[in-house]
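This report covers the strand arrangement, a loop residue and a surface patch. The sequence and structure come first.

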Amino acid sequence: MTSRHAIIPNLRYADARGAIAFLCAAFGFTEKAIHADPDDDATILHAQLLYEGQMIMLSSAVDTEYSRAAPLRTVRQAGGNTQSLYVVVDDVDRHAARARAAGADIYMEPENKDYGGRGYSARDPEGNAWAFGDYDPFA
């Protein structure tokens with residue numbers, strides 16, 4: 001059976017190019033597609049990043065027809081996080097070390113969890129909350 005993405009998080013960043021570089025260096029994402037504004041290469045209209053076959057999407061926090069119809073906010077614009085993303089990883093401690101070396105704000109150190117598995121939590125440079133762990137709720 002082939003699986004497909006049923007839910008794909010979409011994030012907004014003031015510095016989407018910087019976020020892409022950080023997410024790839026710190027958290028191990030890879031670029032699938034990057035669509036910049038043809039008149040302003042720094043503005044990302046739509047980006048797709050992959051982590052082991054799973055996708056997130058992101059864009060620059062700019063005024064567009066879509067953002068006016070369904071406003072998305074950066075963490076700063078919202079005054080805090082409105083969600084946290086959880087990513088299943090194979091080696092929590094190795095992943096946390098990579099994230100720390102790339103400048104992630106590790107606000108919960110790797111630890112064994114009551115519900116099983118091991119995990120840690122970090123913020124990206126714009127304050128989005130990320131959790132990483134080896135607990136797989138589908139397993």
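## Strand pairing

In this predicted model, strand S2 and strand S3 (residues 40–51) run antiparallel and are joined by 7 bridges.

S2 and S3 belong to an open sheet of 4 strands, ordered S1-S4-S3-S2, with mixed pairing. Strand S1 (10–13) and strand S2 (30–37) are the edge strands, and each of them pairs on one side only. From one strand to the next, the twist averages 20°.

## Helix on the sheet

Helix H1 (residues 16–27) lies across S1, S2, S3 and strand S4 (54–60). Relative to S3, H1 runs at about 25°.

## Phe29

The loop between H1 and S2 holds Phe29. Is Phe29 buried or exposed? Its relative accessible area is 5%, and the cut-off for buried is under 20%, so Phe29 counts as buried.

Leaving aside residues up to four places away in sequence, Phe29 touches Leu23, Cys24, Leu49, Leu50, Tyr51, Ile56 and Trp130. Phe29 and Gly53 are separated by 24 residues in sequence, with a C-alpha to C-alpha separation of 9.7 Å in space.

## Nonpolar surface patch

Tyr86, Val88, Tyr115 and Tyr135 make a nonpolar surface patch of about 380 Å². One of these residues, Tyr86, lies in strand S5 (residues 84–88). Patch residues need over 30% relative accessible area; Tyr86 has 38% and is partly exposed.

Notes: Residues numbered from 1 in each chain as written. Predicted model: local features only at pLDDT ≥ 70, side-chain atom pairs only at ≥ 80, totals over all residues. Heavy atoms only, no water. Pairing = 2+ DSSP bridges. Helix = DSSP H or I, 4+ residues; strand = E, 2+ residues; numbered from the N terminus. Axes fitted to C-alpha atoms, helices over the stretch in contact; angles between N-to-C directions. Contact = heavy atoms within 4.5 Å. Patch = residues over 30% accessible without salt bridge, like charges linked within 9 Å, V, L, I, M, F, W, Y side chains within 5 Å. Areas by Shrake-Rupley, 256 points an atom, 1.4 Å probe, with all protein chains shown as cover. Salt bridge = Lys/Arg side-chain N within 4 Å of Asp/Glu carboxyl O. Buried < 20%, exposed > 50% of the residue type's maximum accessible area, 1.4 Å probe, protein only.
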